[in-house]
2 protein chains.
Amino acid sequence: MQKLKCTISYDGTNFSGYQIQPNKRTVQSEIEKVLTTMHKGDEIRIYSSGRTDAGVHARAQVFHFETPLDIPLSNWRKALNVQLPDDIFVQHIEKVDKTFQARFSAVQKEYRYFILLTEDRNVFLRNYRYMTNDEYDDSLLKAACRAFEGEHDFTAFSSARSTVKGSKVRTLHTVDFERSANELVFILRGDGFLYHMVRIIVSVLLEAGRGDITPAEIEEMFTNKTRGTFGKTLPPQGLFLWKVMYEERE
Amino acid sequence: MQKLKCTISYDGTNFSGYQIQPNKRTVQSEIEKVLTTMHKGDEIRIYSSGRTDAGVHARAQVFHFETPLDIPLSNWRKALNVQLPDDIFVQHIEKVDKTFQARFSAVQKEYRYFILLTEDRNVFLRNYRYMTNDEYDDSLLKAACRAFEGEHDFTAFSSARSTVKGSKVRTLHTVDFERSANELVFILRGDGFLYHMVRIIVSVLLEAGRGDITPAEIEEMFTNKTRGTFGKTLPPQGLFLWKVMYEERE
């Protein structure tokens with residue numbers, strides 16, 4: 001048996017999310033179907049760094065699995081890409097030692113949320129951008145980003161449907177944005193993310209950029225553990241799991 | 001009654017082409033459905049500059065229709081965009097005189113064909129780019145573009161399924177390309193296009209760019225009216241109806 005670590009991109013548009021569900025097209029089930037075929041019917045289970053919701057994309061999601069097959073790595077990549085549907089692509093595959101776990105070995109994750117600043121609907125980007133015509137002040141955005149960085153209890157910034165038991169304290173190492181002509185991209189990097197956390201934080205950042213909430217009010221939400229009337233869950237199509245980081249291993 | 005000229009964008013991915021067909025989702029049927037609702041059930045027919053195939057996109061398609069409704073133009077645009085599905089968007093709407101015909105008044109059309117030069121499948125562009133890993137020589141491409149410009153009998157460069165009766169002589173005013181880091185965009189502008197003509201011409205241009213066909217051989221195809229083994233019909237997803245041009249009217 002060997003353990004393989006696989007880095008994939010997927011377009012979340014036509015999936016009911018990452019995780020396997022009965023009678024739904026999910027990223028996990030498409031991949032497991034291909035692997036099971038390659039193993040002549042023996043069911044292969046894959047373990048990812050975490051789920052993504054319906055409509056959420058991944059530039060670089062990571063999963064691991066174990067296999068008795070002895071195939072060169074470059075052939076693995078080719079074989080998977082030939083059989084996978086065209087909205088999943090294996091970027092990279094490598095051998096890892098038995099202790100590696102896509103979820104528990106991850107030290108940081110980066111998400112990006114893409115916003116198209118436009119009055120008109122762009123039909124070609126409707127599945128890949130959140131579109132808005134509002135205006136956002138860069139210095140207000142900057143100050144709000146700073147308020148989110150560091151270690152906080154993110155209870156107020158996760159979905160009530162979150163199934164996490166135990167601590168909702170997480171550390172965000174980076175909360176930043178890049179602005180180009182008609183685009184605003186938020187970059188969040190941290191040691192862990194709660195359910196809907198990125199989409200809620202970016203929603204609050206946008207409120208801050210419109211002058212509707214101050215950094216002091218954000219601080220209060222950490223303490224009070226409730227959002228009150230602030231922060232919605234932004235739509236999934238702007239969200240990309242950008243990168244999962246692991247410790248360098250010998 | 002007034003006649004309105006409407007400029008729309010659409011993402012061709014989820015349509016069985018532009019033209020109405022029984023039990024298929026088409027651009028024309030989606031628009032006529034909305035217009036018919038706005039006219040309280042009176043069937044409204046729209047007339048476009050021409051059809052596009054399944055999977056082919058439009059940055060700026062044009063159609064006209066007649067209506068007894070007296071609604072300000074900006075409200076027309078808003079009302080249509082609220083009711084249309086999110087893969088169609090009305091860019092512009094204006095009043096035209098009775099003699100205007102979206103198809104017959106058009107003097108030129110521009111199509112663009114987008115090619116992503118990549119070894120890996122890009123899952124996010126799979127519906128909007130033709131992807132290839134081949135290499136193309138710019139001076140060979142340039143020379144082949146020149147061979148297509150001007151007035152020619154394009155019989156060899158249209159689908160056998162073409163329903164055009166009569167002359168297949170057309171004039172291409174511009175055949176050109178733009179190259180960026182990992183993209184090649186072909187720009188074709190002419191007075192008219194036969195069925196599959198752009199996708200076949202670009203296929204031959206790519207063969208020329210790989211050194212597989214010379215400008216002299218392209219000339220022969222005009223004369224012989226047959227492609228022989230050259231030129232396939234490239235996939236639809238790279239193709240965009242870019243612009244339809246009309247004479248300026250007083």
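**Figure 1. The two domains of chain A have centres separated by 28 Å, taken over C-alpha atoms.** Welcome to this predicted model; we start with how one chain is divided. Domain 1 of chain A covers residues 2-96, and domain 2 of chain A covers residues 107-246. Where the domains touch, 14 residues of domain 1 of chain A are in contact with 10 residues of domain 2 of chain A. The domain 1 side of this contact has seven polar residues, along with five nonpolar and two charged ones.

**Figure 2. Chain A and chain B are related by a rotation of 180 degrees.** The rotation comes with 0.0 Å of shift along its axis, and the superposition of chain A on chain B has an RMSD of 0.0 Å. This is therefore the relation of a two-fold axis.

**Figure 3. The interface brings 15 residues of chain A into contact with 15 residues of chain B.** On the chain A side, strand E1 (2-10) and strand E4 (88-96) each supply at least two residues. E4(A) gives the largest share of that side, with three residues. Sorted by class, the chain A side that touches chain B holds six nonpolar residues, six charged residues and three polar ones.

**Figure 4. Helices H3 and H4 of chain A pack at an angle of about 140 degrees.** Here H3(A) spans residues 138-148 and H4(A) spans residues 197-209, with their axes 8 Å apart. The crossing of H3(A) past H4(A) is right-handed. To find the contact, follow A:Leu140, A:Leu141, A:Ala144, A:Cys145 and A:Phe148 on H3(A), then turn to A:Ile201, A:Leu205, A:Ala208 and A:Gly209 on H4(A). Eight of the residues in this contact are nonpolar and one is polar, with no charged residue among them.

**Figure 5. Helix H3 of chain A also packs with helix H5 of chain A, their axes crossing at roughly 20 degrees.** H5(A) is made of residues 215-224, and the axes of H3(A) and H5(A) come within 9 Å. H3(A) and H5(A) are therefore roughly parallel to each other. As H3(A) passes H5(A), the crossing is right-handed. From H3(A), the contact takes A:Ala143, A:Ala144, A:Arg146, A:Ala147 and A:Phe148, while H5(A) contributes A:Pro215, A:Ile218 and A:Glu219. By class, the contact of H3(A) with H5(A) comprises six nonpolar and two charged residues, and no polar ones.

**Figure 6. In chain B, the axes of helices H3 and H4 cross at roughly 140 degrees.** H3(B) runs over residues 138-148 and H4(B) over residues 197-209, and their axes come within 8 Å. That angle makes H3(B) oblique to H4(B). H3(B) passes H4(B) in a crossing that is right-handed. On the H3(B) side you will find B:Leu140, B:Leu141, B:Ala144, B:Cys145 and B:Phe148, which meet B:Ile201, B:Leu205, B:Ala208 and B:Gly209 of H4(B). The contact of H3(B) with H4(B) is made up of eight nonpolar residues and one polar residue, with no charged ones.

How values were computed
Residues numbered from 1 in each chain as written. Chains lettered and ligands numbered in written order. Predicted model: local features only at pLDDT ≥ 70, side-chain atom pairs only at ≥ 80, totals over all residues. Least-squares fit on C-alpha atoms with pLDDT ≥ 70 in both. Axes fitted to C-alpha atoms, helices over the stretch in contact; angles between N-to-C directions. Helix = DSSP H or I, 4+ residues; strand = E, 2+ residues; numbered from the N terminus. Parallel < 35°, antiparallel > 145°, perpendicular 65-115°, else oblique. Left-handed = near helix turned anticlockwise from the far one by under 90°. Contact = placed C-beta atoms within 7 Å. Nonpolar A, V, L, I, M, F, W, Y, C, P; charged D, E, K, R; others polar. Domains from an automatic or database assignment.
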